[in-house]
Amino acid sequence: KVKVKEIKTKSLPEINDDLAKEAGEYKTLDEFKEKITKDISAKKEHDKEIAFEKALLDELIKQNKMDVPEGIIENRHKHLLNQTYQDAKQRGILEEDFEKHKEELNKNLLTEAKRQVHLAFLLDAISSQEKMEALEEDFKEKFQETAAQIRQPLEVVEKYYAEHEEAREGLGEQIRNEKVINFLKKNAKTK
């Protein structure tokens, strides 16, 4: 036997200027709608750019076959597997559930490790050939972006990278890779 104590209904707010004001710094509903439309357009454009970049890099790999040292692939594979395991742990996925899919995950991550290492060699070769490097002004720009993203003073970010040489080297590699990818995108011939 079940006794109903209470029945609740959800009431949605009216879609009007008051809702827009509650949602942020908007004076009118039209202003709020315009912002949402702009955000959606920007997201679609970003997704399109990411898809183009992926297709471009996949084609670069396809057109430039090379033998890549197995040891480097193995190290990258271990890193990706560990990173995936840590991410799963942080999201509350049980170790038993992780282990159930480990074989398939292992296979997929090995493929991704080969792709990443192959791509790293290609990007490095292109950056050397085109004499692209991370300049001090590139670092300063990245420091400013990072400071804004993590809402910390610029000095904190600069100090971190000054004290952590490995992190600075990684950032330099990221900057160089971004330059190469932008160079490739600019010079790509699309069908």
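# Briefing: core, helices and ring pairs in a predicted model

The largest nonpolar core has 12 residues in all: L56, L57, L60, I61, L119, L122, L123, I126, M132, V180, I181 and L184. Helices α2 (29–63), α5 and α8 (165–187) each supply at least two residues of this core. A nonpolar core here is a set of buried Ala, Val, Leu, Ile, Met, Phe, Trp, Tyr and Cys residues joined through side-chain atoms within 4.5 Å. This is a predicted model, in which local features need pLDDT of at least 70, side-chain atom pairs count only at pLDDT 80 or more, and totals for chains, interfaces and linings use all residues. Residues are numbered from 1 along each chain as its sequence is written, and side-chain values use heavy atoms, with hydrogens and water left out.

**Confidence**

- The mean pLDDT of the protein is 92, and 99% of its residues reach 70 or more. pLDDT is the predictor's confidence in each residue, from 0 to 100.
- Confidence is lowest in helix α4 (residues 95–100), with a mean of 82. It is highest in helix α6 (residues 136–150), at 96.
- Helices are DSSP runs (H or I, at least four residues), numbered from the N terminus.
- Where pLDDT is low, the predicted coordinates should not be read in detail.

- M132 is one of the core residues.
- M132 touches S127, R176, K179, V180 and F183, not counting residues up to four places away in sequence. Contact means heavy atoms within 4.5 Å.

**Helix α3**

- The 21 residues of α3 should span 30 Å at 1.5 Å a residue, and the end C-alpha atoms are 30 Å apart, which agrees. The expected span is 1.5 Å times one less than the number of residues.
- The buried residues of α3 are I73, H77, L80, L81 and A88. They cover an arc of only 100° around the axis, which puts them on the same side of α3. The arc is that of the directions from the helix axis to the C-beta atoms.
- Buried means under 20% relative accessible area, exposed means over 50%, and partly exposed lies in between (1.4 Å probe, protein chains only).
- The face turned away from the buried side of α3 carries the exposed residues N75 and Q90.
- The cover over the buried residues of α3 includes α4 and α5 (102–129).
- H77 sits in α3, which runs over residues 70–90. H77 counts as buried because its relative accessibility is 13%.
- Leaving out residues up to four places away in sequence, H77 touches N106, L109, L110 and A113.
- K78 is also placed in α3. At 49% relative accessibility, K78 counts as partly exposed.
- Just after α3, G92 takes a positive phi of about 85°.

**Helix α6**

- α6 has 15 residues and reaches 21 Å from its first C-alpha to its last, close to the 21 Å expected at 1.5 Å a residue.
- D138, F139, K142, F143, T146 and A147 are buried in α6.
- Among the elements covering these buried residues are α7 and α8.

**Aromatic pairs**

- The model holds 4 aromatic pairs. Rings of Phe, Tyr and Trp (its six-membered ring) pair if their centres lie within 6.5 Å; planes under 30 degrees apart count as stacked, over 60 as edge-to-face and the rest as tilted.
- Y26 and F32 form a tilted pair, 5.1 Å centre to centre with 45° between the planes. Y26 and F32 are buried.
- The ring centres of F143 and Y161 are 5.2 Å apart and their planes are at 20°, so this pair is stacked. F143 lies in α6 and Y161 in helix α7 (residues 154–163), so the pair ties together parts that are 18 residues apart in sequence.
- Both F143 and Y161 are buried.
- Ring pairs link F139, F143, Y160 and Y161 into a cluster.

- Most residues other than glycine have a negative phi.
- K131 has a positive phi, near 55°. K131 is found in the loop between α5 and α6, and counts as exposed at 70% relative accessibility.
- R151 follows α6 and has a positive phi near 55°. R151 is found in the loop between α6 and α7, and counts as exposed at 76% relative accessibility.
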